[in-house]
Amino acid sequence: MFRSLRLSLRFIVPLTAALLGLALLVMPLVDSLMLRWFVRDMEIRGELVANSVQQLIATPLANGDLAAVDDQLERVLDDERLYALALCSPDGRIVVRTATYPQSFGCGVPEPGRRGLRGLIERNGGALHLAAQALQTDGDEIGRLMIVHDMSFVERRSNETRLGLIMFFVLAGLVVAAISALVAHLSLRGWVAGVRSLLRGERAPASAPSPELQPLVGDLREMLRDLETERRLHDEATMSWTPQTLRRLLREQLSGDEVIVVSNREPYIHIDEPDGGIRVQRPASGLVTAVEPVMRACSGTWIAHGSGSADRRAADPQGRLAVPPDSPAYTLRRVWLTGEEERGYYYGFSNEGLWPLCHLAHVRPVFRSRDWKHYREINRRFADAVVQEASTEDPVVLVHDYHFALLPRLVRKRLPKATIIMFWHIPWPNPESFGVCPWKEEILDGLLGSDILGFHTPFHCKNFAETVDRFVESRIEPESSTIVVRGRRTRVEAYPISIAWPAPTEPEAIAHTRTALRERYGLPATHRIALGVDRLDYTKGIVERMRAVERLLELHPRWIGRFTLVQIAAPSRSALDEYRRFEAQVSAAAAEINERFEGRGPAPIRLLIEHHDSASVFDHYRACDVCVVTSLHDGMNLVAKEFVSSRDDERGVLILSQFTGAARELPEALIVNPYHIDQVAESMNAALMMSEAEQQARMRSMRQLVREFNVFRWAGRMLLDAGRLRRRVRLRERIGARSDGIREPLA
Ligand code: F6P
């Protein structure tokens, strides 16, 4: 109310003042016009007066009775506007004059003065007008009548007119300003409403922006996006990302809401020992490496497949146990699968179908209807587990990876108010490649049940959006990274995964670790070591890496007997033919190369097909000279980041495949095409020859990046986005703005 009043006043006051100024400018013009009209009036009047005077004085004048003439003149003066009269002789002498006629006026008419009017005489008491009219009898001039009119009434009239004029202009000003203010106000309200609806992203026809707002739509949205991005970056950049930051963020941004994580692989596997005891194993899994520290920080529940032989023994009847075993921080809820279900859902559809479908490693995907049946069934079972574990109606559910493409939609149906974040840990292929999947529509629909869908790189987000565009009736809004299907929005965003920083293990002195590792493998103290750490998977480029070692020794024989590739290869998915074949291929390649250089010092390849715990892997990272990551295709590859984090001595060289997500973040590594064996071999040589100063410069820069963009930041960014989304949804529910279940975009 006050705001509108202020607004209107701001408009009315200047307009009224402008009109008043105009009135003051016009006033002198009106004055002069009026004066001219009245003078002209007086002249006409003078003729009439002269006619009547002539009749009245003709006889006395002829008789020479000047007293009677005088008497007649005084009588005529009764007219209120007549001020004085005088009778002059034809030769210009005053013969008779009324008492008011100034002697000084004489018998002549004054020439035009200041105001340009003939006969006008300005004096203190008001203006007079003097006119001369000839008096004639029978064609002879008998004298001249001098007529003085009192013009002070003109002044009075003029004042009245001036006042009226000012009043008119002020009133007109007020009326015009009021009408304009009203019109402007109404348009402004409409405009503001239009802008608001734009900013809210409303698209209902009733609130659609008016045509004149259309050009602003893009600009406004872009501005908002920039602001939002800046704010996010500012928020993120100013925080130092630690487990404590994540805990605080959960408390503040998500008001301590419940967090449920779902993945296939569990963070702790309990394994039967021959002596009846139980051994706990940490699986070789990028997912576990990243998510476990986050769960330690956030608490909550992690639902996963109980795959260890002693898992049931270690959990309660509901499959729950507190982990980590040495200092419990969250709940692990195990879901049990039969062997047949695991074959269909995990080995079959997930790893013979989706895995090769999403990785460009030239292994054909295999799709079987019975695997798909199990996949659907197990996704349902995990959805049941989410509902069982949820103690509120709106938990934050973080679903991980390609094993659970259907889960977001299934959970959405059961817990409509949940905030569902789906993170896809592997690459997303282009639409042509994905199009071969017989159940592509179901998979896309399942994923689009989430509120936020994360990939490692913008490139995978783009591939996903193009795939949806190709196969699903949808609206893609690239400017807000949003896909809308049947009125429901999913934000598709890149969240590059990372590792905990600082590394949780307390490091030994590097020199000691280097010596210990060389002793362990029976190598001389000065022996140069390159390290590979991978699951034994055909996507990792392990054979190509070994061929590059062979080529290195061909091209630069000085390394023969002075260099070894230590390849840690954790057995993986060995129930599958493809993986068993691959293991045989890797073993054969290593044996062949070692045989070729036999007798010329330590073997160039040390292949270790066995599980290594994280402490042992950490020691290897710190003891080697070069870490080699030659994946043929990899969503991110955390080995690269773990190696960087372990090297607090700022030494060591990373060779990194251009086909990993990590290559986009770590350009200071020696970036290679793993299919180009000579190039990889030359990079190995360059790494071995690299000066300490260059190693330090490269490593320092990479460490800076991994430190800043650690896994707490990865999880924090998703949770910040989820928190913002939840606040918006809650606000909307409170104000009842929308009850159709449509969620607004995040930014
Ligand atoms: O790196 C991709 C990934 O799918 C992880 O998400 C997963 O944990 C890892 O591969 C290991 O695979 P698996 O759990 O089948 O051994």
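# Ligand shell, cores and backbone of a predicted model

A polar side-chain atom of Asp-401 lies 2.5 Å from an oxygen atom of the ligand. This distance, like every value below, comes from a predicted model.

| Residue | Distance from a side-chain N or O atom to a ligand oxygen atom |
|---|---|
| Asp-401 | 2.5 Å |

The residues surrounding the ligand are Arg-265, Ser-285, Leu-287, Tyr-346, Trp-355, Asp-401, Tyr-402, His-425, Ile-426, Arg-535 and Arg-573. Sorted by class, this shell holds 5 nonpolar, 2 polar and 4 charged residues.

Most residues other than glycine have a negative phi, and most peptide bonds are trans. Is Arg-573 buried or exposed? Its relative accessibility is 10%, so Arg-573 counts as buried, the cut-off being under 20%.

His-362 is another residue other than glycine with a positive phi, in this case near 65 degrees. It lies in the loop between α8 and α9 (369-389). His-362 counts as exposed because its relative accessibility is 68%, the cut-off being over 50%.

The bond from Val-323 to Pro-324 is cis, with omega near -10 degrees, and Pro-324 lies in the loop between β10 (320-323) and β11 (330-335). The bond from Trp-501 to Pro-502 is also cis, with omega near 0 degrees. Pro-502 belongs to the loop between β17 (488-494) and α14 (510-520).

The interior comes next. In soluble globular proteins, nonpolar side chains tend to be buried together. Here the largest nonpolar core has 93 residues, and those with the most contacts inside it are Val-262, Phe-382, Trp-424, Ile-443, Leu-447, Phe-464 and Met-546. Helix α8 (residues 339-358) gives the most to this core, with 8 residues. Apart from this core lies another of 71 residues, among them Trp-241, Val-261, Ile-499 and Ala-623.

Which residues does Phe-382 contact beyond its neighbours within four places in sequence? They are Val-262, Ser-263, Ile-303, Ala-304, His-305, Val-335, Leu-337, Phe-404 and Leu-407.

Met-546 is part of helix α15 (residues 542-555). Its relative accessibility is 0%, and therefore Met-546 counts as buried. Not counting residues up to four places away in sequence, Met-546 touches Leu-565, Gln-567, Val-586, Ala-589, Ala-590, Ile-593, Ile-605 and Leu-607.

For the protein chain as a whole, the secondary structure comes to 22 helices and 23 strands. The chain has 747 residues, of which 51% count as buried. Of the contacts between residues at least 6 apart in sequence, 72% join residues at least 24 apart. The chain exposes about 34,200 Å², with carbon and sulfur atoms supplying 54% of it.

Methods:
Residues numbered from 1 in each chain as written. Predicted model: local features only at pLDDT ≥ 70, side-chain atom pairs only at ≥ 80, totals over all residues. Heavy atoms only, no water. Core = buried A, V, L, I, M, F, W, Y, C linked by side-chain atoms within 4.5 Å. Buried < 20%, exposed > 50% of the residue type's maximum accessible area, 1.4 Å probe, protein only. Helix = DSSP H or I, 4+ residues; strand = E, 2+ residues; numbered from the N terminus. Contact = heavy atoms within 4.5 Å. Near = heavy atom within 4 Å. Polar contact = N/O pair within 3.5 Å; in protein donor to acceptor, adjacent residues only side chain to side chain. Nonpolar A, V, L, I, M, F, W, Y, C, P; charged D, E, K, R; others polar. Areas by Shrake-Rupley, 256 points an atom, 1.4 Å probe, with all protein chains shown as cover.
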